[in-house]
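Here is a short briefing on one protein model. Please look over the sequence and the structure first.

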Amino acid sequence: MVGDVPVGDGAPITVQSMTTTKTADVEGTLQQIYDLAMAGCDIVRCTCNEIEAAEGLARIVPRSPVPIVADIHHNHRMALAALEAGVQCLRLNPGNIRKPEHIKTVARDAKDRGVPIRIGVNGGWRHPDLYRKYGDRVTPEAMVESAQMELAYFDEVGFDDVKISVKASSVPLMVEAYRQLADTVDHPLHLGVTEAGPVPGGLIKATAGIATLLAEGIGDTIRYSLTADPVEEARAGRALLESLGLRERRNIDLIACPSCGRAEIDVIEVAQQAQAAFGDRDLPLQVAVMGCVVNGPGEARDADLGIAAGNKRGHLFVRGQNVAVVPEEEMVDALVEWAEYINDHGVEAALERARATREAARRAAASDREDLLRAQGSDANRSEQRVELIRELS
Ligand code: SF4
């Protein structure tokens, strides 16, 4: 347990992130923690690098909506101070606190207080003995051994309330390190690609590493380490877990067609407007933005709600059934309004609400579909014409 949040042993996979404020700035840090919690973060880490930070934690922890992990580097006294401040977990980097008596002192105090510790091995920091043993190279074996050395110190004082991470900025390296670690220990594992970088590259690297491991059944809690606002980390973590079906949907799952020659609107623009309009609102629905009424409603028939463009108007549909027609410029507003209705009353009630307009909406969609097919033909992307031209070339 990290505070009241279970980690491991079949508990839902949790999302973590880290504040970027000075921890001594209590109000600023709490604001960021609340923003992170709103974005789907279950556990938040704050640095505890100086005594003022520990004092800040003493004021932050009682007011935080989620459990707080203190991030400790180098100075074991900061770990003791963070424990005194009431944090619900510590993160220690085995490469940084090296004296066994310091490690054991912290573990003893954590044990007495019932506070777990994450052994946070990082590809860039290892014990000097391991550098020597593995020829100055970062290897999965060296990272796992680093975690085991720390575990051995904890064992000496009878402390095993531990989770472990073996992060690296290289995806293949971290994937292999976690695989080896999962074969070696029973402790919950915290997954991450460290220093993944700015979006979109960082997002892709982190997703590649974390999703690969989750798909193999490895991992209990995750963090995206992006060079971005930490709220983006929380959103990404939550979105990954929801897309893998590992957490219940909390916000809108916005799907949109990739657009093609048939599109009657700028799909990218409308999808972005819809994304901005829904934001982080608690509407656990799948909503579709489709570029044309020819294929849109059919392709997105499983979505709770969707809109497809045709002849300067939007055709709203609920679970594939046409329910209303709105002017093109009101498409996003209509989506938000219907999403709120479905969230409050359910899909059946939404279909009932549209009882008077359904038949007219269906006929309007059929008419626009026929008009588009007449105007564009069945080959709106001119693929067959191009094929003919290519054949002539050869
Ligand atoms: S056919 Fe219509 S719905 Fe499908 S990609 Fe093209 S514009 Fe989008």
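How do the residues of the shell around the ligand divide into nonpolar, polar and charged? The shell holds 4 nonpolar, 4 polar and 1 charged. Here Ala, Val, Leu, Ile, Met, Phe, Trp, Tyr, Cys and Pro count as nonpolar, Asp, Glu, Lys and Arg as charged, and the others, Gly among them, as polar.

This is a predicted model, in which local features need pLDDT of at least 70, side-chain atom pairs count only at pLDDT 80 or more, and totals for chains, interfaces and linings use all residues. Residues are numbered from 1 along each chain as its sequence is written, and side-chain values use heavy atoms, with hydrogens and water left out.

**Ligand shell**
- The ligand is surrounded by Cys257, Ser259, Cys260, Ala263, Gly291, Cys292, Asn295, Gly296 and Glu299. A residue is near a molecule if one of its heavy atoms lies within 4 Å of it.
- The C-alpha atoms of Gly291 and Tyr131 are separated by 56 Å. These two residues are 160 residues apart along the chain.
- Tyr131 belongs to helix H5 (residues 128–133). Helices (H or I, at least four residues) and strands (E, at least two) are DSSP runs, numbered from the N terminus.
- Tyr131 is partly exposed, at a relative accessible area of 25%. Buried means under 20% relative accessible area, exposed over 50%, and partly exposed in between (1.4 Å probe, protein chains only).

**The open sheet**
- An open sheet is formed by 8 strands, in the order E6-E5-E4-E3-E2-E1-E8-E7. The pairing is parallel. Two strands pair if DSSP finds at least two bridges between them.
- Strand E1 (residues 14–18) and strand E2 (residues 43–47) run parallel and are joined by 3 bridges. Met18 has Arg45 in E2 as its bridge partner.

- In strand E11 (residues 305–310), 6 of the 6 residues are buried, so the strand is largely enclosed by the rest of the structure.
- In a regular strand, side chains alternate between the two faces of the sheet. In E11, Leu305, Ile307 and Ala309 point one way, while Gly306, Ala308 and Gly310 point the other way.
- Strand E10 (residues 286–290) pairs with E11 in the parallel sense, over 4 bridges. Ala288 has Gly306 in E11 as its bridge partner.
- Strand E12 (residues 313–318) pairs with E11 in the antiparallel sense, over 6 bridges. Gly314 in E12 stands opposite Ala309.
- E11 and E12 make a hairpin with 2 residues between them. In the turn, Asn311 has a positive phi of about 50 degrees.

**Rings and charges**
- A search of the whole structure gives 1 aromatic pair. Phe154 and Phe159 form this pair, 5.4 Å centre to centre and edge-to-face, with 80 degrees between the planes. Rings of Phe, Tyr and Trp (its six-membered ring) pair if their centres lie within 6.5 Å; planes under 30 degrees apart count as stacked, over 60 as edge-to-face and the rest as tilted.
- Phe154 is buried at 0% relative accessible area, and Phe159 is buried at 3%.
- The charged end of Arg353 sits over the ring of Trp338, 4.4 Å from its centre. Arg353 also lies over the face of Tyr341, at 4.3 Å from the ring centre. The criterion is NZ of Lys or CZ of Arg within 6 Å of the ring centre and within 35 degrees of the ring normal.
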